[in-house]
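This briefing covers a pocket, a chain-to-chain interface and the salt bridges of one structure. The sequence and the coordinates come first.

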Amino acid sequence: MKRSPVQRLADIAALSLLLIAGWEALSLLIGVRVLPSPPQTAQRIVAALTQPDFLRDITATGQAYVIALVIAMLGGVTLGLLFGG
Amino acid sequence: MHVLVAVPKVTLYPIILLLFGLGDPAKIAFGVLHGLPTVAIMTAGAVRSLKPIYRKAALTMRLTPRRYALRILLPGVAPEILASLRICFAFTLLGVLIGEMFASAHGLGHLLMQSIGVDDMPTVMAIVILLFLFAGSGSVALLAVINRLNK
């Protein structure tokens, strides 16, 4: 049975809430020192995204990743066409 | 190529470091090492399962190998190449992050190891969640593109 886009969005929202609730419960169970809670993590993400060092690290990873992805795709397709033919 | 997929690639990292040195070239090479074999295997499989009538039609029309590849082969295996892109997207990210963890002065992998070393769990979780959101949204977006092209 095909689900409408609204139903699919509702499913995604429900699953996301379930995961966050599970994460919060686990964090309370084993301690925030081992597993920070969702609000703590969200706070840290917001703080990190305003730090130039963190943005520099994201940029460094992003650049390396894009180059590696392009090479992997082009190289992989070329080798696949050669070996498959 | 199947052997390369089966080998735990982290064991090849010292060789990669000797070949490319510390820094960006090594982590890019490690990312490529993770992503390339999967794409190659899926593309080769798609080429082998292409209907023989296409090859016969190309021979009948006396197409050059280049024209055969561009006009018949690539369009014929495009759905499988896009499917392999989804897998390559994840594996290449894994390779780049692992490369950064061991021998890089910058990047999220390096920051992750640094944060683990000083027991900064909020930063560790922040990086994990950001990577999860990036990889997840990328995969969903590629799946949407593949589904739209397959219609």
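The points below take the interface, then the salt bridges, then the pocket.

This is a predicted model, in which local features need pLDDT of at least 70 and side-chain atom pairs count only at pLDDT 80 or more, while totals for chains, interfaces and linings use all residues. Residues are numbered from 1 along each chain as its sequence is written, chains are lettered from A in the order in which they are written, and side-chain values use heavy atoms, with hydrogens and water left out.

**Interface of chain A and chain B**

- Chain A and chain B bury about 3,100 Å² between them, and carbon and sulfur atoms carry 80% of that area (accessible area, 1.4 Å probe, lost on putting the two parts together, summed over both).
- Chain A brings 31 residues to the contact and chain B brings 42 residues, where contact means heavy atoms within 4.5 Å.
- Across the interface, 7 residue pairs are in polar contact, both residues being at pLDDT 80 or more (a pair of N or O atoms within 3.5 Å, one able to donate a hydrogen and the other to accept it; residues adjacent in sequence count only if both atoms are side-chain atoms).
- On the side of chain A that touches chain B, H2 and helix H3 (52-84) of chain A each supply at least two residues (helices are DSSP runs of H or I, at least four residues, numbered from the N terminus).
- H3(A) has the largest share of that side, 22 residues.
- By class, that side of chain A holds 20 nonpolar, 7 polar and 4 charged residues (Ala, Val, Leu, Ile, Met, Phe, Trp, Tyr, Cys and Pro are nonpolar, Asp, Glu, Lys and Arg charged, the others, Gly among them, polar).

**Salt bridges**

- The whole structure has 4 salt bridges over all chains (a side-chain nitrogen of Lys or Arg within 4 Å of a carboxyl oxygen of Asp or Glu).
- Between chain A and chain B the count is 1 salt bridge.
- Asp119(B) pairs with Arg33(A), with the closest N and O atoms 2.8 Å apart.
- Asp119(B) lies in the loop between helix H6 (108-117) and H7 of chain B and Arg33(A) in the loop between H1 and H2 of chain A, so the pair joins two chains.

**Largest pocket**

- The largest pocket holds about 540 Å³ of space (an open set of points on a 1 Å grid over the protein atoms alone, where a 1.4 Å probe fits, with protein on both sides within 12 Å along at least five of seven lines; lining residues have an atom within 4 Å of a point). The volume is the space filled by probe spheres set on the points, which are joined across faces, edges and corners.
- Of its 16 lining residues, Ser16(A), Leu19(A), Ile20(A), Phe132(B) and Leu133(B) are the closest to the centre.
- H1(A) gives the most to the lining, with 6 residues.
- The lining divides into 14 nonpolar, 2 polar and no charged residues.
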